[in-house]
Amino acid sequence: MMARYGMLIDTTKCIGCFSCRTACQRQNDLLPEQDFIRFEQREVGTLPDVNVENIPLQCMHCEDAPCAQVCPTGAAHMGADGIVEVDEGRCIGCLYCMAACPYQVRVRNPQTGTVDKCRFCTVSAEQTGTKMCTCVEACLTGARIFGDLDDPDSQLVREIARTKASPIAGDLTKSKVFYVR
């Protein structure tokens, strides 16, 4: 049976160092102005005990992916492993997927006009056989965990249960990225 990949991001551990984003940019040969991981910050707490929470956002690999539903060419589609993929050769740059994404995490390549996004490093996994995301490997604080959501013994599933992690927007799109906040 094929794995159903997902990720946990623990914002209580994230220090906003951007090492995940930088590693992702290098891994995917992105232009300096492109990134598949964007950071938002919010203040939490009340004075005098206020902290800044760093919230890395990326493709949520939704099971009910709005981007794939509106793509007129099928360039945005769900792969057999449940990862939302983009076939760059079929993308016509209409930007419908960008408009449909409730997380605003798609990126337009200014040179080609095509749209792309986080791939859970499927390209590198196919080439190296690592089955690991570059952003997870680069995280200095261990704020990211990647794994099979259907494997009850995986570190990912155990940590989601232990921390009561949930998708950032609830069940809006059946996201496969869970957050500890």
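What is the volume of the largest cavity? In this predicted model, the largest cavity has a volume of about 100 Å³.

**Figure 1. The largest cavity and its lining.** The largest cavity, with its volume of about 100 Å³, is lined by 15 residues, of which Cys-14, Ile-15, Cys-17, Cys-20 and Cys-139 are the closest to its centre. By class, the lining comprises eleven nonpolar residues, three polar residues and one charged residue. In total, five cavities of 30 Å³ or more are counted in the model.

**Figure 2. The surroundings of Cys-14.** Cys-14 is among the residues closest to the centre of the largest cavity. The cysteine sulfur closest to that of Cys-14 belongs to Cys-20 and lies 6.3 Å away, which is too far for a bond. A disulfide requires the two sulfur atoms to be within 2.5 Å, and the count of disulfides in the model is zero. Cys-14 has a relative accessibility of 15% and therefore counts as buried, the limit for that class being under 20%.

**Figure 3. The surroundings of Cys-71.** For Cys-71, the closest cysteine sulfur is that of Cys-94, at 6.0 Å, and this separation is likewise too far for a bond. Cys-71 counts as buried because its relative accessibility is 18%.

Figure 4

**Figure 5. Pairing of strand 1 with strands 8 and 9.** Strand 1 (residues 5–10) and strand 9 run parallel and are joined by four bridges. Strand 1 and strand 8 run antiparallel, with five bridges between them. Asp-10 has Val-180 of strand 9 as a bridge partner.

**Figure 6. Burial of strand 1.** Six of the six residues of strand 1 are buried. Tyr-5, Met-7 and Ile-9 lie on one side of the strand, whereas Gly-6, Leu-8 and Asp-10 lie on the other, and both faces are covered.

Technical notes: Residues are numbered from 1 along each chain as its sequence is written. This is a predicted model: local features need pLDDT of at least 70, side-chain atom pairs count only at pLDDT 80 or more; totals for chains, interfaces and linings use all residues. Side-chain values use heavy atoms; hydrogens and water are left out. On a 1 Å grid over the protein atoms alone, a cavity is a set of points where a 1.4 Å probe fits but cannot get out, and a pocket is an open set with protein on both sides within 12 Å along at least five of seven lines; lining residues have an atom within 4 Å of a point. Grid points are joined across faces, edges and corners, and a volume is the space filled by probe spheres set on the points. Ala, Val, Leu, Ile, Met, Phe, Trp, Tyr, Cys and Pro count as nonpolar, Asp, Glu, Lys and Arg as charged, and the others, Gly among them, as polar. Buried means under 20% relative accessible area, exposed over 50%, partly exposed in between (1.4 Å probe, protein chains only). Two strands pair if DSSP finds at least two bridges between them. Helices (H or I, at least four residues) and strands (E, at least two) are DSSP runs, numbered from the N terminus.
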